[in-house]
Amino acid sequence: MKFKLLINPYKDEVVQAQVHEETNFTDNLKQYVLTNGDSNQITAYDDKDIIILSLDKITLITVIDNKIWAICTDNKRFRLKKRIYQLNDELPNNFWRINKSSITNRYQINRFK
């Protein structure tokens, strides 16, 4: 693999990677670039558009129709491409795995019934 860094203060910043296939490494690289290394954000999808979603806005991450969704405080849903077990390993400690198919943000829990 080769690496090339071009610095030009007069051009828009672009990060481009030419790879043989998409892997965990390329997914992590994309996540890092799109969030500027901010670990309090996650890459999500709104229809087909990529968006950067703040972890603070996520109430629940769950499986719906065999797809992973982030449910936000405003009840909007965003598709995530990682699996529950991957997210469980990567998310900060305020995210609790509450069952096999769901992770919740404990800061969004007011009480248990």
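Which residues form a nonpolar patch on the surface? In this predicted model, the patch consists of Met1, Val15, Phe25, Leu29, Tyr32 and Val33. Together these residues present about 690 Å² of accessible area. One member of the patch, Phe25, is located in helix H1, which covers residues 24-34.

The overall architecture comprises 2 helices and 7 strands. Their order along the sequence is α-β-β-β-β-β-α-β-β. The C-alpha trace extends over about 55 × 30 × 25 Å along its principal axes. Of the 113 residues in the protein, 27% are buried.

In soluble globular proteins, nonpolar side chains tend to be buried together. The largest nonpolar core of the present model contains 16 residues, among which Leu53, Ile58, Ile61, Leu80 and Leu87 touch the most other members. At least two residues of this core are supplied by each of strand E1 (41-46), strand E3 (58-64), strand E4 (67-72), strand E5 (77-80) and helix H2 (84-90). The greatest contribution is that of E4, which provides 3 residues.

Charged side chains were examined next. Side chains of opposite charge can pair when their charged atoms come close. A search of the whole structure identifies 1 salt bridge. This contact joins the side chains of Lys82 and Glu90, with an N to O distance of 2.6 Å. The two partners fall into separate accessibility classes. Lys82 has a relative accessibility of 16% and therefore counts as buried, since the limit for that class is under 20%. Glu90, by contrast, has a relative accessible area of 46%; this residue is therefore partly exposed, as its value lies between the 20% and 50% limits.

Aromatic rings also take part in contacts with charged groups. Arg77 is positioned over the face of Trp69, 4.5 Å from the ring centre. In a further contact of this kind, the charged end of Lys81 is placed over the ring of Tyr45, at 4.5 Å from its centre.

The Lys82 and Glu90 side chains meet in a salt bridge, while Arg77 lies over Trp69 and Lys81 over Tyr45.

Conventions:
Residues are numbered from 1 along each chain as its sequence is written. This is a predicted model: local features need pLDDT of at least 70, side-chain atom pairs count only at pLDDT 80 or more; totals for chains, interfaces and linings use all residues. Side-chain values use heavy atoms; hydrogens and water are left out. A charge sits over a ring if NZ of Lys or CZ of Arg is within 6 Å of the ring centre and within 35 degrees of the ring normal. Patches are made of residues with over 30% relative accessible area and no salt bridge: like charges are joined within 9 Å, nonpolar side chains (Val, Leu, Ile, Met, Phe, Trp, Tyr) within 5 Å. Accessible areas come from the Shrake-Rupley method with a 1.4 Å probe; for residues, only the protein chains shown count as cover. A salt bridge is a side-chain nitrogen of Lys or Arg within 4 Å of a carboxyl oxygen of Asp or Glu. Helices (H or I, at least four residues) and strands (E, at least two) are DSSP runs, numbered from the N terminus. A nonpolar core is a set of buried Ala, Val, Leu, Ile, Met, Phe, Trp, Tyr and Cys residues joined through side-chain atoms within 4.5 Å. Buried means under 20% relative accessible area, exposed over 50%, partly exposed in between (1.4 Å probe, protein chains only).
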